[in-house]
Amino acid sequence: MTAPTTTTTTTASAAAPATATRAKKRKPDRLQIFKDIGNRPFAFTAGFSFLLLFAVWSLLSYTESVNPVFLPTPDKVFVEMFHMLGTSEYWHHIGISVFRVSAGFLLACVIGIPIGIFAGTFKYGEAFVEPPMEFIRYMPAVAFIPLIMVWAGIGEWAKILLIFIGCFFQLVLMVADNTRRVSHDLLQASFTLGAGRWKAIETVLIPAIQPQLMNTLRLILGWAWTYLVVAELVAVNSGLGYAIMKAQRFLNTDQIFVGIIVIGLLGLISDRIFAFLNRRLFPWA
Amino acid sequence: MEAAKRTAEAAPLQDKAGRSVRAVETDKASAQRGEIAISGLSKVYETKKSRFEALRGIDLNVRTNEFVTIVGPSGCGKSTLLRIVAGLDELSEGLVTLDGEEVIGPGAERGMVFQGYTLFPWLTVRENIEYGPKLKGISTLERRAISNHFLKVIKLESFANAYPKQLSGGMKQRVAIARALANRPKVLLMDEPFGALDAQTKLEMQEMLLEVWEKEKTTVLFITHDIDEAVFLSQRVVVMGAGPGRILKTFDVMLPAQRTPEVRELPEFLALKRELGLLLKH
């Protein structure tokens with residue numbers, strides 16, 4: 001759409017200079033590579049994208065071109081959602097799921113971040129930590145489920161442990177990478193100002209990685225939600241994943257949709273919180 | 001004890017109550033301050049397959065409070081030499097001493113200003129300047145006095161609470177100089193600090209640096225590839241050549257101590273510039 005506009009502009013100005021001023025007033029080419037488009041167009045396009053998704057869903061379901069058992073109509077899903085969010089039982093599911101995600105994620109952070117910083121700071125640390133992590137990382141966390149059930153039974157710890165395993169190894173490697181990317185010049189500057197090894201870690205490395213670390217945590221939290229659902233598909237009687245499983249048993253696709261949308265919203269909210277914190281905590285970045 | 005007297009003059013700081021605050025740690029009876037001696041220094045990068053001689057047989061002495069610049073083509077090892085003096089790189093042979101003590105590793109008594117911007121982006125301008133004093137354990141009140149003094153020296157008082165990303169390139173380097181000096185180093189090592197600045201800013205920075213040097217009195221070893229800059233700033237210009245990096249010649253700069261922009265028009269200035277230019281052409 002934009003490409004022809006540009007072409008006409010050039011031909012017009014080349015052919016008749018008199019029209020050049022008029023041609024200049026044309027809208028600037030917005031599809032340039034990496035070009036900023038401003039906040040409003042961005043929000044508008046994002047909203048449009050959601051609307052389009054919704055439109056396709058409506059089209060397929062209201063015309064019944066897909067069996068309503070497989071694809072419920074939007075109104076049915078939303079009515080069901082308001083109904084379910086009105087029950088305390090569903091809020092209990094949400095609560096227990098949020099608890100599991102937070103516990104697994106925080107556990108991975110508390111253990112993983114220091115190890116990651118250690119591995120990123122010292123070459124010995126890298127040699128000691130990373131090769132085994134790289135190895136374990138490619139083992140699918142889901143494949144650990146039978147083992148986890150043997151180790152931790154089917155209680156709360158089993159779910160937390162699965163989320164932990166899913167997050168921990170990736171987190172360590174990503175934090176190590178964040179640490180290695182800190183500008184060596186900044187470190188050297190601190191040395192020439194009198195900082196020793198540990199002071200440099202404390203006053204340069206750790207502050208320097210923080211904004212990137214927050215992004216890493218955002219990503220990892222997304223994975224924590226994925227592993228939550230996996231964890232709750234097996235041998236549980238509470239949580240959002242369980243609610244979805246139960247709905248599937250009775251072919252209540254609308255309830256499955258509600259579960260998926262609620263998890264999506266929770267993920268979105270936690271992601272926004274991270275983005276907000278990032279802006280507030282690190283105004284210098 | 002002349003040094004102690006000088007530093008006291010240089011930083012006539014007062015706290016809120018009007019009492020005099022000593023901004024400096026006591027100069028532990030160091031009669032001589034900031035004398036660099038480099039002798040027989042060479043630097044070789046060796047791998048299994050190749051051997052690259054970056055510096056060969058460097059002998060150089062920099063006197064207390066002297067301003068020496070090193071000029072040379074890129075790749076002549078001048079930055080490597082400075083980094084060795086800073087303790088950031090290791091030498092292969094030879095000896096570097098500061099006031100008679102061998103240099104091993106980086107330290108606070110050798111402050112450095114880098115070519116790239118190395119302010120800590122998470123600290124404000126003031127906090128950047130106070131970084132070194134804070135490491136030394138100087139109290140908040142005294143640190144405040146030090147940063148106030150240096151903010152005034154670099155004329156950036158109004159930017160005390162700004163973050164580095166809000167500063168222009170020239171401002172960033174001014175803060176970097178202040179940060180290095182706030183630590184009261186015996187020598188100030190500068191690795192093409194104005195290399196990335198535009199011509200006009202560069203001239204302003206040179207004048208500012210000389211002003212600061214007059215006031216703060218430290219030994220300065222300054223690397224540049226700009227002949228004009230070298231002659232304008234220094235009392236002595238060391239010319240280096242490449243392949244392997246070595247000192248070709250040293251020139252005393254016979255110009256008025258007070259370097260105003262008019263100095264650039266003096267015949268001596270132009271003659272020295274021309275001579276250096278010819279030497280560097282080879």
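This is a predicted model: local features need pLDDT of at least 70, side-chain atom pairs count only at pLDDT 80 or more; totals for chains, interfaces and linings use all residues.

Biologist: How many cavities of 30 Å³ or more does a search of the whole structure find?

Modeller: Rolling a probe the size of a water molecule over the atoms shows where empty space is left. Applied to the whole structure with a threshold of 30 Å³, the search gives a count of five.

Biologist: Which elements give two or more residues to the lining of the largest cavity?

Modeller: The largest cavity holds about 110 Å³ of space. Its lining has 11 residues, and those nearest the centre are A:I145, A:M149, A:A158, A:A231 and A:V234. The elements that contribute two or more lining residues are, in chain A, helix 7 (145-152) and helix 8 (156-180).

Biologist: What is the make-up of that lining by class?

Modeller: The residues nearest the centre include A:I145 and A:V234. Over the lining of the largest cavity, the classes are nine nonpolar, one polar and one charged.

Biologist: Which element supplies the largest share of the largest nonpolar core?

Modeller: This core has 69 residues, and the members that touch the most others are A:Y90, A:F105, A:I113, A:L171, A:V262 and B:F120. The largest share amounts to 15 residues, and it comes from chain A, residues 197-232, that is, helix 10.

Biologist: Which residues of chain A does B:F120 touch?

Modeller: B:F120 is among the core members with the most contacts to other members. Leaving aside residues up to four places away in sequence, B:F120 touches B:N128, B:Y131, B:P164 and B:R179 in chain B. Its partners in chain A are A:L186, A:S190, A:L193 and A:V204.

Biologist: How many residues does the other core have?

Modeller: The other core lies apart from the largest one, and B:V153, B:L188, B:L197 and B:L255 are among its members. Its size in residues is 50.

Biologist: What helix content do residues 42-60 and 135-154 of chain A have?

Modeller: An unreviewed UniProt entry places "transmembrane region" features at several spans of chain A, including 42-60 and 135-154. The end C-alpha atoms lie 27 Å apart in residues 42-60, and the distance is also 27 Å for residues 135-154. Strand content is 0% in residues 42-60 and 0% in residues 135-154. Helix content is 100% for residues 42-60 and 55% for residues 135-154.

Biologist: Is B:G94 buried, partly exposed or exposed?

Modeller: B:G94 belongs to strand 6 (residues 93-98) of chain B and touches B:S39, B:G40 and B:L41, residues up to four places away in sequence not being counted. Because its relative accessible area is 40%, B:G94 is classed as partly exposed.

Biologist: What is the omega of the peptide bond between B:G243 and B:P244?

Modeller: Most residues other than glycine have a negative phi, and most peptide bonds are trans. B:P244 lies in the chain B loop between strand 11 (236-241) and strand 12 (246-252). The bond joining B:G243 and B:P244 is cis, with omega at about -10°.

Biologist: What phi values do B:N65 and B:D99 have?

Modeller: B:N65 sits in the loop between strand 4 (51-62) and strand 5 (67-71) of chain B, and it counts as buried because its relative accessibility is 18%. B:D99 sits in the loop between strand 6 and strand 7 (101-102) of chain B, and its relative accessible area of 12% makes it buried. Neither residue is a glycine, and each phi is positive. The values are near 65° for B:N65 and about 50° for B:D99.

How values were computed: Residues are numbered from 1 along each chain as its sequence is written. Chains are lettered from A and ligands numbered from 1 in the order in which they are written. Side-chain values use heavy atoms; hydrogens and water are left out. On a 1 Å grid over the protein atoms alone, a cavity is a set of points where a 1.4 Å probe fits but cannot get out, and a pocket is an open set with protein on both sides within 12 Å along at least five of seven lines; lining residues have an atom within 4 Å of a point. Grid points are joined across faces, edges and corners, and a volume is the space filled by probe spheres set on the points. Helices (H or I, at least four residues) and strands (E, at least two) are DSSP runs, numbered from the N terminus. Ala, Val, Leu, Ile, Met, Phe, Trp, Tyr, Cys and Pro count as nonpolar, Asp, Glu, Lys and Arg as charged, and the others, Gly among them, as polar. A nonpolar core is a set of buried Ala, Val, Leu, Ile, Met, Phe, Trp, Tyr and Cys residues joined through side-chain atoms within 4.5 Å. Buried means under 20% relative accessible area, exposed over 50%, partly exposed in between (1.4 Å probe, protein chains only). Contact means heavy atoms within 4.5 Å. UniProt positions are given in the numbering used here, feature names are shortened, and annotations may be inferred rather than shown by experiment.
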